[in-house]
Amino acid sequence: MNNNPVLQISDLYVAYGSILALHGVCMEVHKGELVSICGVNGAGKSTVLKAIAGVLKPRSGSIRFKGKEVAGYKPEQLHKMGMALVPEGREIFPSLTVEENLRIGAYGRRLDKSFAADLEDLFNLFPILKERYHQAGGLLSGGEQQMLAIARGLISKPDLLMLDEPSLGLSPALVDQIFELIIELKSRNITILLVEQNAQRALAIADRAYLFANGRVEYSGQPQELMGNVDITSVYLGHNGGDV
Ligand SMILES: Nc1ncnc2c1ncn2[C@@H]1O[C@H](COP(=O)(O)OP(=O)(O)OP(=O)(O)O)[C@@H](O)[C@H]1O
Ligand SMILES: [Mg+2]
């Protein structure tokens, strides 16, 4: 593994008002890696992604992206630098068309010059978006909206793609599709930070994993080790680590 991670976080503290949600988190993601963050509800998974993407301002600590200190940067700046966050709950624009949603994802970063070519590539991954290109995003099914949200993240050709619970609320068949898609993105060498409560499945495809509990990194290392550790999975992931 090289010494220049795409993302390096040290001693990160994030608070909502007076309540601390992250207590000194350290983690890193290297180029081409798929890194999973697991943990129960309220562990701080979304908080860390939002802090990385600039949606939440850290109280203290360091966030280095491609070697540059970016803690406190605005989401637009980070987007331009090559970060993409696909937030929990999709958050597409329901009244805008699929095309408009995708153009927003490309905004400020390699817009138009390569938009058409990037689009063709995306349609290979998401054929449904080609069919629905001129339809309002809000008319898509839940799974299709999730695909649109991920496509919107991808169209900026991010150096770091962050996915917050992409399988949440989807039927088992669509969950399969989302995981197949993530595997395909990984095979394209896209660097991915994945938050999933579906721990078994997320760990099965991850190169490395972090387990969050109460706003701290409780464990980090090889996913196989984490899955194989009954104490950890029963205490921090509930039962057998989720979906079995
Ligand atoms: N807007 C907010 N205001 C106050 N506290 C918040 C806010 N958002 C999250 N929190 C608190 O911060 C902690 C971490 O929340 P976070 O959303 O990061 O958890 P999570 O691991 O993503 O959980 P989930 O699996 O339910 O999505 C929780 O205690 C939560 O109650
Ligand atoms: Mg969350």
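Predicted model: local features only at pLDDT ≥ 70, side-chain atom pairs only at ≥ 80, totals over all residues.
Visitor: How do β4 and β5 pair, and over how many bridges?
Guide: β4 and β5 run antiparallel and share two bridges. Strands pair here if DSSP finds at least two bridges between them, and the labels are DSSP runs numbered from the N terminus, with helices being H or I of at least four residues and strands E of at least two.

Visitor: What's the strand order in the open sheet of four?
Guide: The order is β2-β1-β4-β5, and the pairing is antiparallel. β2 and β5 (68-69) are the edge strands with a single partner strand each, so one side of each has no neighbour in the sheet.

Visitor: How many bridges hold β1 to β4?
Guide: Five, joining β1 (residues 7-16) and β4 (residues 60-65) in the antiparallel sense. S10 sits across from S62, and L7 has F65 as its bridge partner.

Visitor: New topic. Is β3 mostly covered or left open?
Guide: Mostly covered: five of the five residues of β3 (residues 34-38) are buried. Buried means 20 or more other C-beta atoms within 10 Å of a residue's own, exposed means 12 or fewer, and partly exposed is in between, with C-beta atoms placed from the backbone.

Visitor: Which residues sit on each face of β3?
Guide: L34, S36 and C38 are on one side, V35 and I37 on the other, and both faces are covered. In a regular strand, side chains alternate between the two faces of the sheet.

Visitor: Which strands does β3 pair with?
Guide: β3 pairs in the parallel sense with β8 (residues 192-195), over four bridges. β3 also runs parallel to β9 (residues 208-213), again with four bridges. V35 stands opposite L193 in β8, while C38 is bridged to L211 in β9.

Visitor: What about the helix α6, how long is it?
Guide: α6 (residues 142-154) has 13 residues and reaches 18 Å from first C-alpha to last, close to the 18 Å expected. The expected span is 1.5 Å times one less than the number of residues. Eleven of the 13 residues of α6 are buried, including M147, L148 and A151.

Visitor: What do the buried residues of α6 pack against?
Guide: Among the elements they pack against are β6 (83-86), α3 (98-106), β7 (160-164) and α7 (172-187).

Visitor: Which residues touch the most others in the largest nonpolar core?
Guide: A151, M162 and L194, out of 64 residues in that core. α6 gives the most to it, with six residues. A nonpolar core is a set of buried Ala, Val, Leu, Ile, Met, Phe, Trp, Tyr and Cys residues joined through C-beta atoms within 7 Å. Leaving aside neighbours within four places in sequence, M162 has contacts (C-beta atoms, placed from the backbone, within 7 Å) that include L49, A84 and L193.

Visitor: Where are E165 and N189, and are they buried or exposed?
Guide: E165 is in the loop between β7 and α7, and N189 is in the loop between α7 and β8. E165 is buried because 22 other C-beta atoms lie within 10 Å, whereas N189 is exposed because it has 9. E165 has a positive phi of about 50 degrees though it isn't a glycine, and N189 has one near 70 degrees.

Visitor: Last one: which residues come nearest to ligand 1?
Guide: Y16, N41, K45, S46 and T47, out of 13 around ligand 1. A residue is near if its C-beta atom, placed from the backbone, lies within 6 Å. α1 supplies the largest share of this shell, three residues.

Terms used. Residues numbered from 1 in each chain as written. Chains lettered and ligands numbered in written order. Contact = placed C-beta atoms within 7 Å.
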